[in-house]
Amino acid sequence: MSQDAGPQAEAWTVRRILEWTTGYLKEHGSASPRLDAEVLLAHARGCSRIQLYTAFDEVLTDAVRGKMRELVKRRAGAEPVAYLVGYREFFSSRFRVTPGVFIPRPETETLVIQALDRLKGIASPKVLDLCTGSGCVAISIARSLAAAHVTAVELDLATLEIARQNAIDLGVSDRIEFLQGDLFAALASDKARVGLQPFDVIVSNPPYITSAEIPTLQRDVSQHEPHLALDGGPEGLDIIRPLIKQSPDHLPPGGWLLFEISNDQGEAVRRLLEADGRYTSITIVADSAGLPRVACGRVVQT
């Protein structure tokens, strides 16, 4: 974003900055250059994205241009936009994210929708969210169901603190219990859970990318997002297998296990659920792009 010289230089308006930045980020490999440009400029100006459209002809101040220049430089170096601005929108709410926290994706909203559908009619639903990350799934469920009580588990302590802060920011911290630990082991160490009723639904967005795929992902993912939240082992199933095996011990007959998968894992995951023998109503639900995204299994009713 070079400085123009002379009195006849074209002014750096909102419109011009957006057009220039979109082209520049496209050249540097961004998959969504226009969206990135808008989010970064809105952040630099301290406004919403929609306000940019009513200010196309506004000339930017030197301070805003300087801030935008630095953001664009870092984005061109593959830093994720969410880390640059400190948040990501998910299910109509804003979640803070910092480097080291997995960034929420739109396709994960399918997991929330499926959970809410299966919690209908339950007076005081109890939900367990494993691998909670930013807390986006747990918090979205709690915000959508005023009577829901959610337990959210995360292995990484720093990430868990971000999830806890998101719950405070979004007004549901009184209905979400945050536990640090490895999947169900976190429940065993929680003495307050002794004697409590099982969960009605277990949800999870576990690591499911194969180890070999990690280096082939886009640079902003492979170089910046936590591999702990991505790497599912040689087949991408290292976390999914214990999830399937152990969930029935924490669900009542008729309770549901719902978890996100890679779009090429549908048949493999279906076979794992069927082979377990304790699940029925096994389905693989597509996301808004029509890709297999959420595996669903209901504990057999006795």
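1. Helices (H or I, at least four residues) and strands (E, at least two) are DSSP runs, numbered from the N terminus. This is a predicted model, in which local features need pLDDT of at least 70 and side-chain atom pairs count only at pLDDT 80 or more, while totals for chains, interfaces and linings use all residues. Residues are numbered from 1 along each chain as its sequence is written, and side-chain values use heavy atoms, with hydrogens and water left out.

2. Let's start with the charged pairs. There are 18 salt bridges in the structure, a salt bridge being a side-chain nitrogen of Lys or Arg within 4 Å of a carboxyl oxygen of Asp or Glu. One of them joins Arg-75 to Asp-36, at 3.0 Å from N to O. Because Arg-75 sits in helix H4 (residues 62-76) and Asp-36 in helix H2 (residues 33-45), this pair ties together parts that are 39 residues apart in sequence.

3. (Buried means under 20% relative accessible area, exposed over 50% and partly exposed in between, with a 1.4 Å probe and protein chains only.)

4. Arg-164 and Glu-161 make a salt bridge whose closest N and O atoms are 3.2 Å apart. These two residues are three apart in helix H8 (residues 157-169), so about one helical turn separates them. Arg-164 is partly exposed at 30% relative accessible area, and Glu-161 is partly exposed at 39%.

5. Another bridge links Arg-241 with Glu-235, with 2.7 Å between the closest N and O atoms. Arg-241 is partly exposed, at 35% relative accessibility.

6. Now for a pocket. On a 1 Å grid over the protein atoms alone, a pocket is an open set of points where a 1.4 Å probe fits, with protein on both sides within 12 Å along at least five of seven lines; lining residues have an atom within 4 Å of a point. The second largest pocket holds about 420 Å³ of space, a volume being the space filled by probe spheres set on the points, which are joined across faces, edges and corners.

7. Which residues are closest to the centre of the second largest pocket? They are Cys-131, Glu-154, Pro-207, Leu-228 and Ala-229, out of 29 lining residues. Strand E3 (126-130), helix H7 (136-144) and strand E4 (149-154) each give at least two residues to this lining.
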